[in-house]
Structure formats: structure tokens, C-alpha cells
Amino acid sequence: MVAAIKEFCLGLHSLATGLAVTLEQFFRRPVTVHYPWEVLELPARYRGHIVLVRDEQTGRLRCIACKMCERICPSDCIVVEGAKLPGESRKSVTEFKLDFTKCSLCGLCVEVCPVDALAFSKRYNLASTRKADYESMDLCELAKAGDAK
Amino acid sequence: MILPEPYRLIAYLVGALAFVGLNAAYLVWLERKVAARFQRRPGPTEVGPAGLLQPIADGLKLLGKQFVVWPHADRVLFRLAPAFVLAPALMCLAVIPFGHALCARDFNLGLLLVFAFGSVNVLAILLGGWASRNKYSVIAAARVVSQNVAYEIPMLLVVTTLLLTAGTMNLRELVQQQAGGVWNWNLVKVWVNPLMPVLFLIFYVCMLAETNRAPFDMAEAESELVAGAFTEYAGMGFGLFFMAEYANIVVGASVATVLFLGGWHSPVGVMPGTFWFLVKLYALVFSVMWVRWTFPRTQFYRLLNLSWKLLIPAGLGALLFTALILKLR
């Protein structure tokens with residue numbers, strides 16, 4: 001009998017504690033980020049698909065089309081073509097194609113690049129109804145479009 | 001002012017239907033908002049400012065849906081059940097005094113009427129579940145009946161105990177007895193009957209169980225029985241069950257307000273009585289939601305144990321004790 005009463009009191013106490021806990025949460029601010037209107041800031045090392053980086057002084061793409069990235073890519077998803085512009089000793093990139101359907105975002109290309117011409121983007125709102133859109137992404141075009149913005 | 005007869009009836013019908021409809025619509029909104037706040041979400045925000053037009057959008061969606069009666073269902077009962085579930089709640093509102101002069105029918109046996117019609121609700125859910133001819137619905141229907149039978153007893157015991165000291169079943173008179181400050185509300189009238197707070201607690205638990213609210217929502221039990229007795233209902237048929245759930249909560253909270261919280265009497269003496277009645281009513285409704293979002297659903301046998309092993313003995317004890325002190329006084 002005493003044990004039963006003790007258990008009853010303990011149960012009531014725990015019910016009251018539960019109510020207090022939820023009420024405390026009730027008066028706190030919601031933690032939801034209201035997505036389409038609010039977005040979280042992405043962490044500095046967020047890995048989106050790779051993009052070509054421009055030289056800050058000249059404004060040209062840094063890439064020298066050395067093809068190191070193409071060679072090191074374990075998924076074989078990069079195709080680089082370059083040509084020497086008249087009067088220059090370095091090569092310039094003419095075509096940089098990324099097959100994002102295969103890319104595993106391992107970052108070896110970014111690491112291996114001798115002139116730091118590659119970086120991870122922070123683009124994550126990627127959606128398409130056609131596979132082709134991500135099978136062959138033209139990063140040169142993307143860089144131009146990015147400048148236009 | 002006393003309205004003459006046919007106008008009184010029309011005023012009651014319009015008022016009760018509007019009250020029940022608005023309550024159902026906006027209590028759903030409130031429940032979603034409250035649930036969201038308990039879980040630290042914002043809740044509905046998209047339709048209208050703060051999601052205030054959400055109930056209208058939901059209503060339009062439900063109205064636009066077909067009411068499907070599937071071939072194996074009992075056609076007549078299946079269609080009747082949603083009406084049966086809502087009608088008693090409307091009937092109960094006829095005798096509830098919302099203010100000193102705001103009561104559709106000043107009825108001698110008001111409390112009896114509320115409990116008589118209150119139990120029709122169970123029958124309606126049983127009919128709906130049975131007529132659906134679906135195993136989940138039938139299980140839910142069986143559960144609802146045993147649950148409501150179990151909880152009706154302690155509820156009535158508690159009310160009988162209260163009536164021993166009050167001596168009237170007229171809800172208006174019950175409220176009038178509680179005039180004169182917070183300390184005259186039945187909840188805290190411990191010098192009349194020291195068990196008053198306990199009675200309120202038992203009444204509140206039974207109210208949760210009678211209205212099939214979490215943690216006693218055995219009729220719906222989404223995680224176990226799909227939607228319980230409402231599984232086969234689509235469109236406004238389901239909508240009516242939903243409206244009835246909230247209408248029943250409002251009726252339950254009103255009765256609790258009348259019986260224990262002093263009805264329309266103001267604790268501080270400002271604002272009209274109806275305002276205070278609604279404040280108490282919605283405070284109780286909020287507490288019902290608060291309980292829902294705090295406690296998980298109990299197991300079925302525990303639910304019955306709580307009633308048969310704890311609430312009924314406690315109610316009987318309270319009844320005996322009260323009879324004893326009344327006799328010895």
C-alpha cells in the first residue's frame with residue numbers, strides 16, 4: 001500500500017515535470033529556418049561542384065590547361081582543353097567539361113591544381129528534368145554567367 | 001432580455017452552428033500552431049497572415065473531395081455516423097450558460113442533458129467504425145466503447161459528488177453558487193469539500209478520455225490503427241468527425257468551467273462575464289493541447305487500468321467521504 005502510494009506520487013510528479021518541460025519549450029523561439037525565404041549560411045568548406053577561379057588582377061581564368069585534374073580524377077569526369085593565345089607562353093583553357101553525374105566531390109582536382117584555378121562552389125539548388133544538364137557542365141560558360149550576374 | 005420562442009430557437013441554431021464551425025476551424029489552426037510552438041517550429045505560415053486562412057483552405061479542400069462509400073460498407077450507418085457524432089455536441093451547447101444572460105435554454109436538468117448527449121458520441125464512433133467494415137475501424141470502435149464506458153463511470157461519480165454539495169443540476173444555478181471571487185469557485189471551495197481539487201483532476205482526466213484526446217486517443221491512434229474509426233472516411237465525412245472532436249473538447253471544457261472554474265464570474269471584476277467564460281474555456285482547451293503534445297499515447301490496458309483501478313475507486317471514495325461529511329456537518 002505504501003509502495004503503491006509512493007509510486008502514484010512519483011508518477012504525478014513526473015507528469016508535472018513533463019508538462020513543465022514542454023511549457024518551457026513553448027515560450028522559446030522556434031528554431032526552424034524558413035527555407036525558401038531564409039537560408040542558412042553555408043560553411044566555408046562546403047563542397048558543391050567545382051568551378052573555375054579567376055585571377056583577381058587580370059580577371060582571366062587562372063587555369064593553364066595542364067590537365068592534372070583530368071588525370072587525377074578517380075571518376076574520370078573532367079575534360080580539359082587548352083590553347084596558347086598568340087604572344088603568350090602559358091596555355092589558356094578553352095574548354096572545361098565536368099560530368100557532375102559521376103563526380104563524387106572528392107576534391108583531388110582542387111588539391112592537385114598547381115595554380116589554384118579550381119574551387120568548390122556553394123551551389124546546391126541543382127535540379128533538372130534532363131540528365132544531360134549535369135552530364136556535361138561547361139565550367140567556362142558557367143564562369144562567364146557567374147560574371148554576368 | 002429574453003427572446004420570444006421561435007427567434008430564440010433560430011438564434012440558438014445559428015449561434016451554435018457558427019460557434020461550433022468557427023471553433024472547429026480555428027481550433028485546428030490553434031492546435032497546429034500550439035503543436036508547432038511546443039516543438040519549436042513556426043507552424044502554418046503560408047496561407048494568409050500567420051496561416052490564418054489555412055482552415056478555409058483546408059475546408060475548401062475537404063468540400064471539394066468526393067465522399068466515398070465503399071461497396072462493402074453499411075451504406076446507411078456509414079453516412080449517418082458523421083451526423084450522429086456532431087449533433088450531440090450541438091445539443092449540449094443548448095444548456096451551457098456562456099454568460100449571465102447568454103444561454104439558449106435555462107434547463108433544470110442541464111447537467112444530465114449534457115452527459116446524456118455526451119455519451120451518444122461514443123455510439124457514433126462505434127457506428128462509423130462498424131459500418132466501415134475495416135479491421136482497423138472495428139478495433140478502434142471496440143476500443144472506444146470500452147474506453148468510454150470505463151471513463152463515464154468516474155466522471156459521473158465525480159459529478160455526483162459535486163452535486164451532493166451543490167444540490168442542483170441547473171448549470172446557471174451552479175454558476176450562480178460560485179459568485180463572489182476566486183475563492184468561491186468550486187475548484188478551491190475546500191471548506192465545503194476538501195476533495196475539490198482532486199475531483200477536478202479526476203474530471204479533467206475523464207474529460208480527456210471521453211473526448212478521445214491524446215494521451216487517450218484510442219479511437220484514432222494513427223500509429224497503430226491508420227486512422228482508427230475514421231480510416232474509410234473521405235472528404236467532409238472525415239471533416240465532420242474532426243469538427244465533432246473539437247466541438248466535444250469545447251463542450252467538455254465548458255462543462256469543466258461551469259462545474260469547477262466559476263463559469264462567467266470574473267476573478268478581477270473587469271470585462272463582461274462572457275469574456276471570462278471564454279477565457280477559462282480556451283485556457284482549458286489550451287491545456288488539453290498542452291497535454292497532448294507532452295504525453296505519448298498510453299497502452300490500451302493501462303488506460304483501462306487507470307480507470308478501473310484508480311479513478312473509479314478514487315471517485316467512489318470521494319463520493320462516500322463527501323456523503324459522510326455532509327451527514328456529520
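Predicted model: local features only at pLDDT ≥ 70, side-chain atom pairs only at ≥ 80, totals over all residues.
**Figure 1. The interface between chain B and chain A.** Together the two chains bury about 1,500 Å², with 70% of this area on carbon and sulfur atoms. On the chain B side, the residues that lose the most area to chain A are Arg37(B), Arg40(B) and Trp290(B), which together make up 44% of what that side buries. The contact is formed by 16 residues of chain A and 15 residues of chain B. Eight residue pairs, both members at pLDDT 80 or more, are in polar contact across the interface, whereas the number of salt bridges between chain B and chain A is zero. Helices α1 (5-38) and α11 (273-292) of chain B each contribute at least two residues to the side that touches chain A. By residue class, this side of chain B comprises nine nonpolar, four charged and two polar residues.

Figure 2. Arg40(B) is located in the loop between α1 and α2 (54-63) of chain B. Its phi is about 55°, a positive value, although Arg40(B) is not a glycine. The relative accessible area of Arg40(B) is 19%, and the residue is classed as buried because the cut-off is under 20%. Arg40(B) is also one of the residues of chain B that lose the most area to chain A.

**Figure 3. Lys67(A), a loop residue of chain A with a positive phi.** Lys67(A) occupies the loop between β1 (50-52) and α2 (68-72) of chain A. This residue is not a glycine, yet its phi is positive, at about 70°. With a relative accessible area of 24%, Lys67(A) is partly exposed.

**Figure 4. The surroundings of Arg213(B).** Arg213(B) belongs to the loop between α8 (196-210) and α9 (222-225) of chain B. Its relative accessibility is 1%, and Arg213(B) therefore counts as buried. The side chain of Arg213(B) makes a polar contact of 3.1 Å with the side chain of Glu245(B). Beyond four places in sequence, the contacts of Arg213(B) include Glu31(B), Tyr246(B), Ile249(B), Val288(B), Met289(B) and Arg292(B).

**Figure 5. The largest nonpolar core and a separate core.** The largest nonpolar core has 94 residues, of which Leu111(B), Tyr151(B), Phe203(B), Leu259(B) and Phe260(B) touch the most other members. Helix α10 (residues 235-260) of chain B provides the largest share of this core, with 14 residues. Another core lies apart from it and has 23 residues, including Cys69(A), Cys73(A), Leu118(A) and Leu139(A).

**Figure 6. Tyr151(B) and Leu311(B) in contact.** Beyond four places in sequence, Tyr151(B) contacts a set of residues that includes Val205(B), Cys206(B), Ala209(B), Phe216(B), Leu303(B), Leu306(B) and Leu311(B). Leu311(B) lies in helix α12 (residues 300-328) of chain B and is buried, with a relative accessibility of 6%. Among the contacts of Leu311(B) beyond four places in sequence are Tyr151(B), Pro154(B), Ile202(B), Val205(B), Cys206(B) and Leu306(B). The C-alpha atom of Leu311(B) is separated by 20 Å from that of Arg292(B), a residue 19 residues apart from it along the chain.

Notes. Residues numbered from 1 in each chain as written. Chains lettered and ligands numbered in written order. Heavy atoms only, no water. Helix = DSSP H or I, 4+ residues; strand = E, 2+ residues; numbered from the N terminus. Buried < 20%, exposed > 50% of the residue type's maximum accessible area, 1.4 Å probe, protein only. Polar contact = N/O pair within 3.5 Å; in protein donor to acceptor, adjacent residues only side chain to side chain. Contact = heavy atoms within 4.5 Å. Buried area = accessible area lost by both parts, 1.4 Å probe. Salt bridge = Lys/Arg side-chain N within 4 Å of Asp/Glu carboxyl O. Nonpolar A, V, L, I, M, F, W, Y, C, P; charged D, E, K, R; others polar. Core = buried A, V, L, I, M, F, W, Y, C linked by side-chain atoms within 4.5 Å.
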